[in-house]
Each structure stands twice: as C-alpha cells, then as structure tokens.
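These are my notebook entries on one structure. I record what I looked up and what I found.

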Amino acid sequence: MATLKLFFSFLMVTVHLISSMAANRHMLMGNQMNIDPNWYDAHATFYGDMTGGDTMQGACGYGDLFKQGYGLQTTALSTALFNNGLTCGACFEIKCFNDPQWCYPKAGSVIVTATNFCPPNYSKPEGNWCNPPLKHFDLSKPMFTKLAYYKAGIIPVKYRRVLCYKKGGVQFQIKGNPYWTVVLLYNVGGAGDIKDVKIKGSSTGSWLQMSRNWGVNWQTGAKLVGQSLSFQVTTSDGKMIEFDTVVPANWQFNQVFDGKKNF
C-alpha cells in the first residue's frame with residue numbers, strides 16, 4: 001500500500017513538472033516571437049516576377065538568396081525603414097489591411113527578411129512610395145500575391161518586427177584581398193540585423209573591431225591570410241555570440257564557412 005502511494009505521489013509530481021515545463025515553453029515562445037508586439041501602418045508593392053530573379057543581389061550585399069537560405073521570403077525597404085543598411089537581415093511580419101477590394105479574405109500574414117533597398121524618387125511630386133518619411137515594403141511578387149491580388153499594385157499593410165528563424169548556423173563568406181578582408185554574414189537568426197562584428201586571427205592575440213562596409217559586409221585592414229579566424233557577432237538587440245575558430249588557417253577568398261551556432 002505504501003509503495004502504491006509513493007508511486008502515485010511520484011506520478012503527480014512528474015505530471016506537474018511536465019505541465020510547468022510546457023507552460024514555460026509556451027510563454028517563452030510567445031515572448032520570443034515578436035521583437036515589438038505593436039502593429040504599424042505602411043504600404044506595400046512588389047518588384048520582379050514570380051521567379052524572384054530581380055530580387056537577387058541588392059543593396060544589402062547578399063548574393064543568391066536561394067543558396068543563402070532566404071528564397072523568395074524577402075523585401076526591399078524604403079529609406080525610413082532601411083536605416084542606411086542597418087536593418088538588413090531583420091524580419092518583418094506583414095498583413096494586408098483595410099482594403100477589401102484587393103486584400104485576400106483571411107490571407108493571414110507573411111514573414112519576410114529585409115534584403116534590399118527601395119530607393120526614393122524625387123523627380124515627381126506624387127506616387128513615390130519609397131520616399132522619406134514613408135514606411136514602405138517592396139515585396140517579392142510571390143510574397144505580395146499571398147496577401148492581395150497582384151493587379152492592386154499597392155496595398156495598405158500592417159507590419160511588426162519579429163525574430164528571424166533560420167536553419168543552421170550563421171554563415172561567413174570571406175572576400176577582399178590580402179590587405180583588406182571583407183566578411184559577408186548571412187543566415188542570421190534572432191533579431192537578424194547586425195550592429196557589431198569583431199574578428200580575431202590566431203596570431204593577432206586580441207579582438208579587432210570591424211567596420212561596416214555596406215549592408216551585411218564588414219571589413220578590416222588587418223592582414224589575416226594564413227590565420228584561423230574567430231568572430232564576435234552582436235545583433236541589434238544586444239545579443240552576442242562568439243564563433244571560435246570557425247575559419248581554418250588555410251582559408252581562401254570567397255569561401256563560405258558555417259558558424260555552427262545561431263541566435
């Protein structure tokens with residue numbers, strides 16, 4: 001009888017622990033999903049065709065967005081959102097709002113990564129949606145047509161910043177020349193947009209501050225050829241991850257290395 005009571009006590013404690021863990025996990029996921037829970041007003045258009053060919057490359061410095069893991073889930077940002085490239089890599093949730101003529105009923109929302117810039121046009125007084133201070137998303141066509149009929153051309157939207165969920169580790173592509181090293185960082189999770197990068201060679205002895213070249217490309221004038229490389233990467237929310245010796249000493253320019261970890 002005592003053994004049976006002990007068993008039921010153990011069972012009740014186990015059930016309580018599992019329930020608590022599930023509740024905590026649910027709360028954590030809820031807190032993690034939105035960087036900012038508030039929805040803001042903007043407008044959206046699209047560029048390119050359904051293949052997304054015109055969305056490749058761009059002002060953030062990415063290359064083949066399919067190979068780099070972004071695919072067609074991308075957007076270009078107006079000046080007010082682009083922030084001189086500081087917002088590159090950030091993720092946004094967007095939904096069509098208050099336009100029953102063009103919004104798909106029950107379309108829901110799309111989540112896209114900022115990979116390009118929608119430049120302003122000051123040559124005409126009206127219809128320049130990417131001019132400051134307007135907040136505007138120029139979506140890939142496949143993303144736009146998940147929200148509204150493509151013939152709409154432009155739609156009112158609500159948007160908010162959300163965390164980026166990426167598969168695998170942060171990727172480091174080494175570019176430049178023996179006297180100037182440029183590192184392209186992509187597939188960055190969490191906040192997505194990077195505010196600081198430091199690099200350390202196996203012979204430098206200390207961390208070296210990198211500066212932003214453009215978009216997601218960071219640079220240093222230090223001579224690092226022949227050294228294994230480590231990085232400290234900090235996203236806009238202040239989270240930092242140290243990537244120790246992710247680049248071996250025999251690296252070559254234009255090679256890509258997997259950081260194994262992500263935000």
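Is phenylalanine 46 buried, partly exposed or exposed? I looked up its relative accessible area, which is 24%, so phenylalanine 46 counts as partly exposed. The scale takes buried as under 20% relative accessible area, exposed as over 50% and partly exposed as in between, with a 1.4 Å probe and protein chains only.

Before going further I noted the terms of the record. The model is predicted, so local features need pLDDT of at least 70 and side-chain atom pairs count only at pLDDT 80 or more, while totals for chains, interfaces and linings use all residues. Residues are numbered from 1 along each chain as its sequence is written, and side-chain values use heavy atoms, with hydrogens and water left out.

**Entry: phenylalanine 46**

I placed phenylalanine 46 in strand 1, residues 40-47. Strands (E, at least two residues) and helices (H or I, at least four) are DSSP runs, numbered from the N terminus. I then listed the contacts of phenylalanine 46 beyond four places in sequence; among them are Asp138, Leu139, Phe144 and Tyr150. Contact here means heavy atoms within 4.5 Å. I also looked up isoleucine 154, which is 108 residues from phenylalanine 46 along the chain, with 7.9 Å between the C-alpha atoms.

**Entry: histidine 136**

Histidine 136 belongs to strand 5, residues 136-140. I found histidine 136 buried, at a relative accessible area of 1%. Its contacts, leaving out residues up to four places away in sequence, include His43, Ala76, Trp129 and Ile154. One of the residues it touches is Ser78; the C-alpha atoms of histidine 136 and serine 78 are 5.2 Å apart, across 58 residues of sequence.

Which side chain makes a polar contact with the side chain of histidine 136? I found that of threonine 45, at 2.8 Å. A polar contact is a pair of N or O atoms within 3.5 Å; within protein, one must be able to donate a hydrogen and the other to accept it, and residues adjacent in sequence count only if both atoms are side-chain atoms.

**Entry: disulfides**

How many disulfides does a search of the whole structure find? I recorded 4, where a disulfide is a pair of cysteine sulfur atoms within 2.5 Å. With the bonded cysteines of the protein chain numbered in sequence order, the pairing reads 1-2, 3-8, 4-5, 6-7.

Cysteine 60 and cysteine 88 are joined at an S to S distance of 2.0 Å. Cysteine 60 sits in the loop between strand 1 and strand 2, and cysteine 88 in the loop between helix 2 and strand 3, so the pair links distant parts of the chain, 28 residues apart. Cysteine 60 is buried at 0%, and cysteine 88 is buried at 2%.

Cysteine 96 is joined to cysteine 103, S to S 1.9 Å. I noted -70° about this S-S bond, a left-handed link.

Cysteine 118 is joined to cysteine 130, S to S 1.8 Å. This disulfide is right-handed because its torsion about the S-S bond is about 85°.

I looked up an open sheet of 4 strands, ordered 10-9-13-14 with antiparallel pairing. Strands 10 and 14 stand at the edges with a single partner strand each, so one side of each is left without a neighbour in the sheet. Two strands pair if DSSP finds at least two bridges between them. Strand 9 and strand 13 are joined by 7 bridges, and aspartate 196 has threonine 234 of strand 13 as its bridge partner.
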